[in-house]
Structures are given as C-alpha cells and as structure tokens.
Amino acid sequence: MTRDRTISLARPDRNTALELVRATEAAAIRALPWVGRGDKNAADRAAVEAMRAYLNTAAIDGTVVIGEGEKDKAPMLYKGERIGRGLGPACDIAVDPIDGTTLTATGRNNAVSVIAAADKGAMLDASSVFYMDKIVTDHHGHGVIDITQSIEDNIRALAAATGKPVDDMAIAVLDRPRHAALVTRIRELGAATRLLSDGDVAGGIIAATPGSRIDMCVGVGGSPEGITTACAVRALGGFMQAVLAPSDDSERETAESAGLDTLRVYGLRDLVATDNTIFVATGVTDGDLVAGAARRGSRVRTESIILRGRSGTLRRVITDHALDKWQ
C-alpha cells in the first residue's frame, strides 16, 4: 500500500518542528564564536554548515525553496537542494542560517537563525524579484490595513482598531536610505519609529505578535525574508500584505515571465497558501524575539520559538547544550 507523502505535517509536525529547531540551535551555537568579531562571512559560513549538517539528519523529505545559494561551487542550502533523510513528509523549506549577519558581526541585537516549512508548493516563488514592499501587523490589521493606502491612513486605522492613540504607536522600519521619507512621514504624524539596522524577519514577527512593543512593520525588504516571515505571521494569526518591488525594467520583465504580477497586492494566503506551516527561530544575539546563544561555563544556552500554523501555538524552548557532548 503506497502512502501519500506530498505532506503530512498535521500529526507528525510536532516531531518535525523539534527536528528543525535542532538545526537552528546548531547554527546559532556555531555562529556564537563570531559574534562581535567583525567577520559576517565567517559567521554565516559557520551557521550554514551547521544548519545543513543537522537538516540532513532530519526525518523529512525537504526541498529548499528559499536558501543561501551556491557559493564557491559548494552546496550551501541552495534553492532546489533536497534535504533530510527522505523518510518523512515532503515539504518546502525556507532557511536563513543567520537573519542579521551584520548584527552578528557587530554584536548588535536581533540576529536569529530561522527555518520555515510548509506544504509542498505552498510558498510563493518570488525569487525573480529581490525586494518586496510589505506591511505587517497583529490580528487587528485584518479588514483595516491596506498597503495601497498612505502610511498615515494605515497608522490611524490601526490605532483606532487597537484603541491606542497615534502617538503611542511604534512602527518598525529598516534603517535604509530608501526609507528616509517614510520615516519622516511616520514621525510627522506623531507615531514613533523603531529603526532596524538589519533583521527583517524578526521585525515582522514582533509586529505580528499580539501585545508586542511594535505595532506595525513596514517598508521594502528582501522577498525571501518576506515569504519566510509570512509563514510565522500565519501561525500568529497576524496580518500581512506585500507588493513586489523590482529594481528596474529588466527585473520586472523577469518577474512577469515567471508568472508574477508586479502590480498585485499579495495577501498572506497568496504568500503562503496553507495554514500548515512551521516556523522556528533561535537567537544568535539577544533581541526582542528571543535571547541570544550564551556560553555558561561548559554549556551553551539557546532560546528558540516554535510556531505551528495549524494549531496556532507558540512555544519557547530553552536548551542547555553540554559542549563536550554536543556535535
């Protein structure tokens, strides 16, 4: 009797989630010696190698749809790579061994190691466009926020929905020159900004978490990070919209050839077409989402979150790893 292996995360995903979190823990531990050392490439390389090694021991039949790419002709969690032992559910995987390599190299907050998984074919393939404009909030944004509205109208609408005055609203934005005018408009309205030097995924997740100190995350960031964030936002019951942001006509034509619509507003269900998602993240450095990996004598403590879309659960996992037995 043959079994349908296209995906079956509903029951086995509890175990799958724990297998994935072992890989993000490994990446964070391997990156720890490079925190604050000024070499983001070395930190990233260590995290990639550790994550890949652990993923290939997992009881999944995974395909990387959002990955690191091939560097120096070596397999490094590139798009299309098959991972896992091929024994469990077939699924699509998005990986970011370190979201925030610059944060890691400089010793700043909010660097995390991230993996997301979903039903095979559920994640939007937006790889032909490097950037997307996005807006993320918690559940209050449903039926209230529209990315085609002005930032002022969206902040006012969310403030009304949450019962907060506008001057109590905190809006996360990547600290990039392209966002200078956006930041000015937010502040002129009376809301506060939280400028993110890096860590696009963490900013979106914090905004989608009810009761967090960030009410909204807006602006142009990486398309791969946007799809990864969407897996977490679905599990949190939050709100997200995105519009692809091609950098020139050539990229726009490439996107359209790939079947993407650069004028379309992509909702959360368009970005990830299933609620059967798993998102795991482990802290590399301390942050609002999770604490960073920290050496404590002969052990390293890691803090992780596990989000499951189907059950809507958020679990925090604190693990002490004995270094003489860890591998």
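Which element gives the largest share of the lining of the largest pocket? In this predicted model, that share comes from α7, with five residues. Residues are numbered from 1 along each chain as its sequence is written. Because the model is predicted, local features need pLDDT of at least 70 and side-chain atom pairs count only at pLDDT 80 or more, while totals for chains, interfaces and linings use all residues; side-chain values use heavy atoms, with hydrogens and water left out.

First, the chain as a whole. Its secondary structure comes to nine helices and 14 strands (DSSP runs numbered from the N terminus: H or I of at least four residues for helices, E of at least two for strands). The radius of gyration is 19 Å, close to the 20 Å that the globule rule gives for 327 residues, so the chain is as compact as a globular protein of that length (taken over C-alpha atoms; the rule is 2.2 Å times the number of residues to the power 0.38). Along its principal axes, the C-alpha trace spans about 55 × 50 × 40 Å. Buried residues make up 54% of the 327 in the chain (buried is under 20% relative accessible area, exposed over 50%, partly exposed in between, with a 1.4 Å probe and protein chains only). Of the contacts with a separation of 6 or more, 69% are between residues 24 or more positions apart (contact means heavy atoms within 4.5 Å).

The largest one has a volume of about 770 Å³ and is lined by 36 residues, with Asp-96, Phe-130, Gly-222, Pro-224 and Glu-225 nearest its centre. Two or more lining residues come from each of α2 (40-55), β1 (61-66), β3 (90-99), α3 (101-106), β8 (216-222) and α7 (223-236). On a 1 Å grid over the protein atoms alone, a pocket is an open set of points where a 1.4 Å probe fits, with protein on both sides within 12 Å along at least five of seven lines, and lining residues have an atom within 4 Å of a point. The volume is the space filled by probe spheres set on the points, which are joined across faces, edges and corners.

Asn-110, in the loop between α3 and β4 (112-119), has a positive phi of about 80° although it is not a glycine; Asn-110 is buried, at 17% relative accessible area. Ile-29 sits in helix α1 (residues 13-31) and is buried too, at 7% relative accessibility.
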